[in-house]
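This briefing is for a reader new to the structure. Please look over the sequence and the model first, then read the points below.

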Amino acid sequence: MNISLRKATIDDSPLIQKWWQDGKVMAAVGFPQGLAVSIEEVQQSLHYYEEVSGEFLLIIDEKGHPIGEFAYKPIEAKGATFDIKIGELSRQRQGYGKAALEKGMQRIAAQNRFNRIEITVNSTNEPALKLYEKVGFKQSGFLKDHWANQVGERCSTVVMVYELADADNGLNKSN
């Protein structure tokens, strides 16, 4: 799987807006009706990642088409967190998410300012949980029924961590 990541620009806002408004894309993260976001709100999100020393990147497939997003930012105590989505439904469940996750993690590790990557995952999002375990994340916590999704259903969260400090984490190799 040959994908790349490129910085999202203001010109990408309509595409990102389309993905965020799609309930099928957003259901796993608690928004089964999609997000009612304006272009301006998408642009504010892009600026936010720049302001907090993170990045908002687009996932590009082999043909040069944007198919999803990978955004990361620092969190407390030398950690980073991220958000990843394959926004093009026809590209889901084909390995693009794993390839993009690995490239994104390499990008985070290459900065040498983080010692761990942490992600919180809806406990019912089995594909994401399996993917994160497959690339080396370990469960570090479970928060039962601590939030409600867009339609009011109580949801639990799995907290997962990938330790960058591990000498053999494989992220320094080039793919």
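Ser4 has Ile60 in β2 as its bridge partner. This bridge belongs to a predicted model, in which β1 and strand β2 (residues 55–60) pair in the antiparallel sense over 4 bridges.

**Sheet**
- An open sheet is formed by 7 strands, in the order β1-β2-β3-β4-β5-β7-β6, and its pairing is mixed.
- β1 (4–7) and β6 are the edge strands, and each of them pairs on one side only.
- On average, neighbouring strands of this sheet are turned by 30° against each other, direction ignored.

**Helices on the sheet**
- α1 packs on the sheet, where it touches β2, β3 (66–75) and β4 (79–86).
- The direction of α1 makes about 85° with that of β3.
- Helix α5 (residues 126–134) lies across β4, β5 (116–122) and β7 (154–163).
- Relative to β5, helix α5 runs at about 160°.

**Contact between α1 and α3**
- The axes of α1 and helix α3 (residues 39–51) come within 9 Å of each other and cross at roughly 105°.
- An angle from 65 to 115 degrees counts as roughly perpendicular, and α1 and α3 are therefore roughly perpendicular to each other.
- From α1, the residues in this contact are Ser13, Pro14, Ile16, Gln17 and Trp20.
- They meet Ile39, Val42, Gln43, Ser45 and Leu46 in α3.
- By class, the contact of α1 with α3 has 6 nonpolar residues, 4 polar residues and no charged residues.

**Aromatic pairs**
- The count of aromatic pairs comes to 9.
- One of the pairs is Phe70 with Phe82, whose ring centres are 5.4 Å apart.
- The planes of these two rings are at 15°, under the 30 degrees used as the cut-off, so the pair is stacked.
- Phe70 lies in strand β3 and Phe82 in strand β4, so the pair ties together parts that are 12 residues apart in sequence.

**Confidence**
- The chain has a mean pLDDT of 93, and 94% of its residues reach 70 or more.
- Confidence is highest in helix α1 (residues 13–21), at 98, and lowest in strand β6 (residues 138–148), at a mean of 95.
- Where pLDDT is low, the predicted coordinates should not be read in detail.

Technical notes. Residues are numbered from 1 along each chain as its sequence is written. This is a predicted model: local features need pLDDT of at least 70, side-chain atom pairs count only at pLDDT 80 or more; totals for chains, interfaces and linings use all residues. Side-chain values use heavy atoms; hydrogens and water are left out. pLDDT is the predictor's confidence in each residue, from 0 to 100. Helices (H or I, at least four residues) and strands (E, at least two) are DSSP runs, numbered from the N terminus. Axes are lines fitted to C-alpha atoms, for helices over the stretch in contact, and angles run from 0 to 180 degrees between N-to-C directions. Angles under 35 degrees count as roughly parallel, over 145 as roughly antiparallel, 65 to 115 as roughly perpendicular and the rest as oblique. Contact means heavy atoms within 4.5 Å. Ala, Val, Leu, Ile, Met, Phe, Trp, Tyr, Cys and Pro count as nonpolar, Asp, Glu, Lys and Arg as charged, and the others, Gly among them, as polar. Two strands pair if DSSP finds at least two bridges between them. Rings of Phe, Tyr and Trp (its six-membered ring) pair if their centres lie within 6.5 Å; planes under 30 degrees apart count as stacked, over 60 as edge-to-face and the rest as tilted.
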